[in-house]
Amino acid sequence: MTRTTPLDAVILDYNGVIGRQPTRHQWLRLARTASWPDTDLAAFQSAFWSAREHYDSGQLSDMAYWARVLGSHPGPRLLHQLRSADTDMWTATDDRVLSVLRRTHTSGLPMVLLSNAPAHLSDVLDTQDWRRMMTQALYSARLGVCKPDPAAYQQALEITGADPQRVLFVDDRAENCRAAEHLGIRALHYTGQPADLEAALTLTA
């Protein structure tokens, strides 16, 4: 990441930056809810991710997504349990990152959230205290497109109203960062070190 001019805005990913990655215990809870054998967690995760992009982009309903994962339609009660366990996996946050973002918010630098997330999780994230620090939150289910599609970044850029070269994009996935850089946006591939994030945010307008 090259910093030659001050920042006018930052676009932040949620999971893997603000949000913590799910623990093995959380994955097992979800797999057990789905009546999946504990000994085959990897296969469950493969099924979970196989249709996730379509779910995150709003192309699949909760029922349609879980039917693909399970291979059959869950009843209303099981669907509610699956959705609750799934959502719980993504709501734990990293206090170290939030501390950095609080300082950034105090400095006046606008922050926009850009997250791949299904509709129900998007609604839950919007109720979290940290959400108030964001100028706006964009979720793939509402946009109809997931990162690294350029359209997702373009919509976030429109909200900032800033020159791409004066915007920092932060994500834990390298391919998402490369997509941002393709559009002239500065990018930080976040690898779990809050000091790196703080350093990248110090060059403000």
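Biologist: By class, how many nonpolar, polar and charged residues does the lining of the largest cavity have?

Modeller: The lining has 4 nonpolar, 2 polar and 3 charged residues. Ala, Val, Leu, Ile, Met, Phe, Trp, Tyr, Cys and Pro count as nonpolar, Asp, Glu, Lys and Arg as charged, and the others, Gly among them, as polar. The model is predicted, so local features need pLDDT of at least 70 and side-chain atom pairs count only at pLDDT 80 or more, while totals for chains, interfaces and linings use all residues. Residues are numbered from 1 along each chain as its sequence is written, and side-chain values use heavy atoms, with hydrogens and water left out.

Biologist: What makes a set of points a cavity rather than a pocket?

Modeller: On a 1 Å grid over the protein atoms alone, a cavity is a set of points where a 1.4 Å probe fits but cannot get out, whereas a pocket is an open set with protein on both sides within 12 Å along at least five of seven lines. A residue belongs to the lining if it has an atom within 4 Å of a point. Grid points are joined across faces, edges and corners, and a volume is the space filled by probe spheres set on the points. By this rule there is 1 cavity of 30 Å³ or more, and the largest cavity holds about 40 Å³.

Biologist: Which residues line the largest cavity?

Modeller: Arg52, Tyr55, Arg83, Asp86, Thr87, Trp90, Pro118, His120 and Leu121 line it. The elements giving two or more residues to this lining are α3, α5 and α7, and α5 provides the largest share, 3 residues. These elements are DSSP runs numbered from the N terminus (helices are H or I, at least four residues; strands are E, at least two).

Biologist: How do you know that the span of helix α5 agrees with its 14 residues?

Modeller: The expected span is 1.5 Å times one less than the number of residues. For residues 76–89 this should come to 20 Å, and the end C-alpha atoms of α5 are 20 Å apart, so the two agree.

Biologist: Which residues of α5 are buried?

Modeller: Leu79, Leu82, Ala85, Asp86, Thr87 and Met89 are buried. The cover over the buried residues of α5 includes α1 (24–33), α2 (41–50), α3 (52–56), α4 (62–70) and α7 (119–125).

Biologist: Why does Ser35 count as exposed?

Modeller: Buried means under 20% relative accessible area, exposed over 50%, and partly exposed in between (1.4 Å probe, protein chains only). Ser35 has 65% relative accessibility and therefore counts as exposed. Ser35 is in the loop between α1 and α2, and its phi, near 60°, is a positive value in a residue other than glycine.

Biologist: Why is Ser115 called buried?

Modeller: Its relative accessible area is 3%, so Ser115 is buried. Ser115 belongs to strand β2 (residues 111–115). Contact means heavy atoms within 4.5 Å. Leaving aside neighbours within four places in sequence, Ser115 is in contact with Asp13, Tyr14, Leu138, Tyr139, Ser140 and Lys147. The peptide bond from Lys147 to Pro148 is cis, with omega near 15°, and Pro148 is in the loop between α8 (140–143) and α9 (150–160).

Biologist: Why is Thr104 called buried?

Modeller: Thr104 has a relative accessible area of 6%, so it is buried. Thr104 sits in helix α6 (residues 95–107). Not counting residues up to four places away in sequence, Thr104 touches Leu109, Met111 and Leu201. Thr104 and Leu201 are 97 residues apart in sequence and 7.2 Å apart in space, C-alpha to C-alpha.

Biologist: What makes a set of residues a nonpolar core?

Modeller: A nonpolar core is a set of buried Ala, Val, Leu, Ile, Met, Phe, Trp, Tyr and Cys residues joined through side-chain atoms within 4.5 Å. The largest has 49 residues, and Phe44 and Leu101 have the most contacts inside it. A second, separate core of 19 residues includes Ala9, Leu138, Ala156 and Ala179.

Biologist: What volume does the largest pocket have?

Modeller: The largest pocket has a volume of about 450 Å³. Of the 22 residues lining this pocket, Trp49, Arg52, Asp56, Asn116 and Arg173 are the closest to its centre. By class, the lining of the largest pocket has 9 nonpolar, 4 polar and 9 charged residues.
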